[in-house]
Each structure stands twice: as structure tokens, then as C-alpha cells.
Amino acid sequence: MSTTRFLTGITTTGTPHLGNYVGSIRPSVQASLRPGVQSFYFLADYHALIKCEDPVRIQRSTLEIAASWLAAGLDPEKVVFYRQSDIPEIPELTWLLTCVTGKGLLNRAHAYKAAQDKNQAAGREPDDGVTAGLFMYPVLMGADILMFKAHKVPVGRDQVQHIEMARDMGASFNHLYGEHFVLPEAVIDEHVATLPGLDGRKMSKSYDNTIPLFCSREQLRKLIQGIVTDSRAPGEPKDTEGSALFQIYQAFATPEQTEALRQAYAAGIAWGDAKQQLFEHVDGIVAPLRERYEALIQDPARIEATLLAGAQRAREMATPFLRELRAAVGLRSLAQGSSNAKTAKAAKTALPAFKQYREKDGKFYFKLVAADGRLLLQSTGFDAPKDAGQAIALLQREGLGALAERCTLTEGAAQAEVQAALQALAEAAVAKE
């Protein structure tokens, strides 16, 4: 079964609320458990610097968001969960992509255009207050995605443009330097719930109408009691359409429970009773998660260790891949000699390779060599060349685990680097078909 890579980033500028839970956290945790999926989740603290200039807020938000995802069931053993700023390869890749990205493309970014429109409406210069960070935001996002060869990126409709830009950047680089990047696709789930806030508008910290996901039981009750309703008295039938209270309940309830409340609306349930029902139902779901969250918040060292372990896993992929990209653009050791047109062309199409040979002991061996010539993997001896060839085929088909006893990684080579080399060979074989 082929593996599909999904990647999701969470900007560390706020406190997660119920809308974040039903719209992002819950579906993402569920998706991470599907077979054939490799999920990457990262805390986008570099992105946060564009939106927030409060260091304390960014650090606290990082802690709260990490604790929220872990409390909600994200398993760091089954996904790659890391902090963006722990991966130094990402800003370096950002620069490589900057050098192949047209300014005209960035001029069309929604966030940049919105900032210009706001300035023009206020009679200011179009770029007044616009930082280079805001302008370059799409390139950093492109690096986040392309670094880990993500196939799918779940986003809202307002973020689709960033995925399209990442595809453009990856395609431009591939055209100049050979096929290195996977071009990602945006995934839009039309069924993901968007919760209304306390005032009926979309739940958002921008509107100051949120219900924090892990607020205390007492605060949760108080906030739900404050949800805006109409003036219909007890006994009067009430509409579910446009009812923030009903929509929030529906996002946490089964179809049967939702239908029961719908009937209660038609029968004229009092708003106070409906709010109490919503409170009890939501608190019943959130309470066990809240308990885990509070334990995590009180142990930031545990969260830090989890993020650093995730960063190590991420860098096992990022470090060799960036080494490959550096070689592709010509940032190589001078000991390799100067490049001419012929070697530059070869660099674009270079692939890892298996090499078979016979030693003086009469046995047959093979080794896996990276695109830049480094030795990655060495086999033990086989009695016949056919056996060595079959072992190579098995390795390509089932991965390193299939031949763990017959192959050893060379010094300085990572398992992820070998897997990446095998994937590159597989993709090249498919491309030839």
C-alpha cells in the first residue's frame, strides 16, 4: 500500500476554542489514524511572528496549542509532530524557493493585497506598514509543505491560493534543477463544521466571541449562558435555522441527539433549558480532554521533549533532502570539482542507484549509492547474483524493514535517507512507464 503524506500547520498566536476543535483538531486527529496515511503536524511559530509581536503570547500559545492537540488524542508516535522553528532546514529552503519565485506571483497573494487595499481605503501609501515577512509569507508556507513532500494539505477555501503557490514554486525549482519536489494538492472538506460564536457570527478571536476549548466548567457554563438567542418565550416553537446554540450542539452530538433537540425546539423548549442541555453535553465530551490538558499544561518539559523528539524525526527527512537540494543548485564541496554544462545537466537527472559486484570471497553484494555519490547502504554476501537481484527487488518493493538482517546503514546515513532514495527510484520508474 502506498503512503499518502498529509501536512497541517497551526499558527501559534491564540488559545484554541470550540470552533478550532470541531473544524481542525478533531478531524485531523481522526485522519491521522487512517491506514496508508503519514501525517505531519507542526506549530507554525515562524508564521506567528508576522501576526504577533508579543513574545510571551507566542510562547504561551505554543504551549496551549501543543497541549490541546495532545489532549485531544494526537499520538506523537504515529505522526510527526514538531515546532517549525526547530527545523533550521525550513528557512534555508525558504531562501532557495525565494530565488525561483517571481515577485509578480507574490504580488497576487490575498493577505498582501488585503493589506494594500486597507491602506488605500485609509488614504495611505499601498505598502505602508507592510513587512517583508508578510510579503514573503507564501514562500515560507511553500517551504513548510515542499520540505516534507506532502501530497495533501487540508485547508479552508481561503488558503487554497497558498497551496497553488507552493505548487508553482516546486514546479519552477524542478524545471531548473530536476525533479526534486512533490507538487502538493489542497484538500477542502466541505463537511468540516464552522461554529458560530457567542454573538452568532463565525467563532473567531478576531470577533472576541469564542468559547475556549479547555476553559473551566464554570466558565464554560457562563459563556454558554451568554449565547445570543431571540425573544421567544417558553412554549413557543423555535427555529433551528440560524440558531447558534443549536449549531454548536449539532457539532458535538450524534444524529439521534440532534434530532431530539430539533423536536424540543419545535415543542417550545425554554432557552435556559436548551443552554443547560448544551452545556451538559459539551462538558461531558470536553471534561476528560480538559483533565489531560491541565496535566500537560502543568508539565511543559514533557511537551518540550515531545516536540524535540518530533523535530528529530522531521530532521531525519529534512537534512538529507536539503543536502540533495543544495547539491542540485551548485552549493557543493569544492573537492567535487567544478561543474560544466555536462555535469550540471547530469545533476538535474541524477538518481540514487544500486550497484552489484562480486568480492574475492566469491559472494555477490550490492550497495545503494545516493544521487550525490555517497554510500547509504551495504548488503551482506549472497551466493548467486540472482539472489542479490531478488533482494534488491524486495528492498524496493517493501522497504528497509524487509532486509534488516541483510543490509546495514553506512556511517552518517539515516534510515529516512534510505527510504527517500528508494522512493525516488520508485517515482522515476513510474515516470518511465
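## A guided tour from the sheet to the helical core

Start by selecting strand β8 (residues 375–379) together with β9: the two pair in the antiparallel sense over three bridges. Two strands count as paired if DSSP finds at least two bridges between them, and helices (H or I, at least four residues) and strands (E, at least two) are DSSP runs, numbered from the N terminus. Before going on, note that this is a predicted model, in which local features need pLDDT of at least 70 and side-chain atom pairs count only at pLDDT 80 or more, while totals for chains, interfaces and linings use all residues. Residues are numbered from 1 along each chain as its sequence is written, and side-chain values use heavy atoms, with hydrogens and water left out.

**Stop 1: the sheet**

Pick Leu377 and look across to Leu409, its bridge partner in β9. Now widen the selection to four strands, which form an open sheet in the order β6-β7-β8-β9 with antiparallel pairing. β6 (353–358) and β9 (407–409) each have a single partner strand and stand at the edges, so one side of each is left without a neighbour in the sheet. From one strand to the next, the twist averages 25°.

**Stop 2: Tyr249 and helix α10**

Next, jump to Tyr249, in helix α10. Its C-alpha is separated by 52 Å from that of Ala413, 164 residues apart along the chain. Is Tyr249 buried or exposed? At 5% relative accessibility, it counts as buried (buried is under 20% relative accessible area, exposed over 50%, partly exposed in between, with a 1.4 Å probe and protein chains only).

Leaving aside neighbours within four places in sequence, Tyr249 is in contact (heavy atoms within 4.5 Å) with Gln257, Thr258, Leu261, Gln277, Leu278 and His281. Colour the whole of α10 and you will find it mostly covered, with seven of its nine residues buried. Among them are Leu245, Ile248 and Phe252, and the cover over the buried residues of α10 includes α1, α11 and α12.

**Stop 3: helix α11**

Move along to α11, whose twelve residues reach 17 Å from first C-alpha to last, close to the 16 Å expected at 1.5 Å a residue (the expected span is 1.5 Å times one less than the number of residues). Show Thr258, Leu261 and Tyr265, which are buried in α11. Look down the axis: the buried residues of α11 fall within an arc of 65°, so they line one face of the helix. That arc is taken from the directions from the helix axis to the C-beta atoms.

What covers these buried residues? The cover includes α10 and α12. On the face turned away from the buried side, select the exposed residues Glu256 and Ala266. After α11 comes Gly268, with a positive phi near 90°.

**Stop 4: the nonpolar cores**

Finally, select Phe81 and Phe252, which touch the most other members of the largest nonpolar core, a set of 53 residues. Such a core is a set of buried Ala, Val, Leu, Ile, Met, Phe, Trp, Tyr and Cys residues joined through side-chain atoms within 4.5 Å. α12 gives the most to this core, with ten residues.

Zoom in on Phe252: beyond its neighbours within four places in sequence, its contacts include Leu18, Tyr21, His281 and Ile285. Apart from this core lies another, of 45 residues, including Phe40, Ala150, Ala166 and Met169.

Note on methods. Axes fitted to C-alpha atoms, helices over the stretch in contact; angles between N-to-C directions.
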